[in-house]
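This report describes selected local features of one protein model.

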Amino acid sequence: MRRQQLMKALLFQPAQQHSQRKIATNPKLQSNSYYAIPLDDIEKPCNDIRKPCKVKLGCLKEAVDNLHFTDNRADSLTYTALLHACIKKNDLPYGKLICSHMNQTGFRGDVMLHNTLVNMYVKCGSLVDARRAFNQMSERDVCSWTVMIVAYSKHGFPEEALELFQQMPWTGVKPNHFTFASVLPACVQLASLDQGRKIHEEIKRRGFESNAFVANALVDMYAKCDRVETARTVFDKMSEPNVVSWTALIAGYAQKGDIDEAAKLFQKMPHRDVFSWTAMIAGYAQNGWAEDALRVLGKMRLAGISPDAKTFASVLPACADLVAIELGMQIHGEVIKSGFQSSVFVVSALVNMYAKCGNIKRARELFNKMRNRDVLSWSIMIAGHVQIGLVGEALKLFEQMQSAGLKPNSQTFASILPACANLAAMEQGMQIHGKIIKSGAQSDVTAVNALIDMYSKCGNIENARDLFDKMHRRNVVSWTAMIAGYAMHGCGNDALQLFEQMKRSCLIPDHVTYLCVLSACSHAGLVDEGYEHFNCMSELHHITPAMEHYSCMVDLLCRAGRLYEAQDFINKMPIQPDDRVWTCILSACKVHNDLKLGEYVADRLLELNPINDAPYVLISNIYAAVGRRDDIERVRKTMKDRGLKKSPGCSWIEVNKRVHTFLIGHRSQFTVTDQI
């Protein structure tokens, strides 16, 4: 009788009736709420409990409820069908009840059943139960091991995934192509290129290198481990690369900074999906080609491909780099229409966009509304406050994040350390350095780069160089940060020597690197070397000089006393010089008491920005140096008539973990000094 009730529950009851049935009879299944889930197309017993069939309609609650009162034991097919139902409905509690029934009746089942049990626990999010069920298996096949390896790899436990993979051969079970494709992402998570290479050698020995799944995983692993040339070699050996392998290689070139090669591959793709379009958008955005990222987004829409959450998260940084807040707000509207406003990644990108565009209020509103703030969203919020100079608020957010139970990662440390650098608060920076060591992020390139920058700006160039020398892996930012540190300290020759080492390491310098090199030449008075590197920037590396590069060259010439050569350099610039360029010459005119050139430059500056107080102050100082008091009074009167005031100078020091700021003319500074 009970067996017939079970069959009826599984096969013939209409789905709409289940919603009106409460869990009853079995105390273990009693509930105060309605719990009915119809099943579709899963294996169930028919007529006899030991005979499989295809179920069109059924109710998991009724099936499990009747299972507990079945006189005869169910077979493997019955249990497997019920566990598949739990997977489909993501129902862990009923999955545990089914497992409990198996244990109570002493049913052992076959390997396939236990694999399904492990998979049910994995898919329902309980890795602890999955591992317990895996350990209790008397017999395991390749599927058993692969399911657990996939689980650990996908849920962020790469060490456990690799450990299982290494144990697997000792049990006599050989990995298949799915196993290899599943374990390689664990190598990526650990940034373990050596382990990835060892697995690649085993793949070759077992003859799986030509398998599409394995080849895709190899391309992805090498590309993400900064070995894009090796990834290209694997890719070229593939008989028919699919969209996954194309996308992985494009992302690898973009990550390396070779956006031109990424674009060439993208153009050659026979078919493109949302992931390949997003990879190209992200590549342009991450490499400073914000306008091109937006252009690709437009082409993606014309191709009829709708952006997904990752697309929006990739293109919003481009809006931030362009300070295009109106465009960012339009994309924000699209995010809402597309239903991605609850995605943590997308909201974090929106927070970042608003913060970088100067609307910190809107950024904070979105941040405060986030239900699940992760480390990324906190890090972005901290970085946003640092960017607009609210370093005190940034430090408060850093403390609040830790109070909320979240552990800072390398991105968080890279976001907060500039606050210490901007304040020259080395003591606080050293405390954060200690936290980096405790968290195990001392080998992370991003975190160490931020530490190098912090120590350099706080005046401790020795600590910065020590960290740089101990790095196992350096990227362009690492070299640039160290070169910038030497430039800041006037060590021009050291900076240029390091730049030559960087070029020998096969890394391609970017526009920021050249800016630091030119700055080093400027501080050290190396005019000829400055000209050489300025020309190489465009001729050798095809980098178009920006206003900052021209400013550095003008500053270099002015510091060397070659003022008229600097003026001639400005007149030959292919772009319109801004006030920063002219201010360099005006400052030099003050040093060299060149009144004639100073008056000419001051006029140019006032044409560009008549409400800037700097030209008035500088020309006034030049007049004072040559004794022209009437002109000094005229300049002061003009400033007064225009409502301009000289910005007061300020300095600060760090004592007892507090930063004290001093303004020129501020009477309370003596009281503060006494307190210190």
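## Basis and conventions

Helices (H or I, at least four residues) and strands (E, at least two) are DSSP runs, numbered from the N terminus. The model is predicted: local features need pLDDT of at least 70, side-chain atom pairs count only at pLDDT 80 or more, and totals for chains, interfaces and linings use all residues. Residues are numbered from 1 along each chain as its sequence is written, and side-chain values use heavy atoms, with hydrogens and water left out.

## Positive phi in two loops

Val323 lies in the loop between helix H18 (309-321) and helix H19 (325-338). Its phi is near 50°, a positive value in a residue other than glycine.

Ala191 is placed in the loop between helix H10 (177-189) and helix H11 (193-206). Here phi is near 55°, again positive in a residue other than glycine. Ala191 counts as exposed because its relative accessibility is 55%; exposed means over 50% relative accessible area, buried under 20% and partly exposed in between (1.4 Å probe, protein chains only).

## Packing of H13 and H14

The axes of helix H13 (residues 228-237) and helix H14 (residues 243-256) come within 10 Å and cross at roughly 160°. Axes are lines fitted to C-alpha atoms, for helices over the stretch in contact, and angles run from 0 to 180 degrees between N-to-C directions. H13 is therefore roughly antiparallel to H14, a term for angles over 145 degrees.

The contact (heavy atoms within 4.5 Å) is made by Val228, Glu229, Ala231, Arg232 and Phe235 of H13 and by Ser245, Trp246, Leu249, Gly252, Tyr253 and Lys256 of H14. By class, six of these residues are nonpolar, two polar and three charged. Ala, Val, Leu, Ile, Met, Phe, Trp, Tyr, Cys and Pro count as nonpolar, Asp, Glu, Lys and Arg as charged, and the others, Gly among them, as polar.

## Aromatic pairs

The structure holds 14 aromatic pairs. Rings of Phe, Tyr and Trp (its six-membered ring) pair if their centres lie within 6.5 Å; planes under 30 degrees apart count as stacked, over 60 as edge-to-face and the rest as tilted. Phe180 and Phe208 form a tilted pair, 5.7 Å centre to centre with 50° between the planes. Phe180 is in helix H10 and Phe208 in the loop between H11 and helix H12 (212-224), 28 residues apart. At 0% relative accessibility, Phe180 counts as buried.

The rings of Phe266 and Trp277 have centres 5.0 Å apart and planes at 80°, so this pair is edge-to-face. Phe266 belongs to helix H15 (residues 259-268) and Trp277 to helix H16 (residues 274-286). Both Phe266 and Trp277 are buried.

Key: Parallel < 35°, antiparallel > 145°, perpendicular 65-115°, else oblique.
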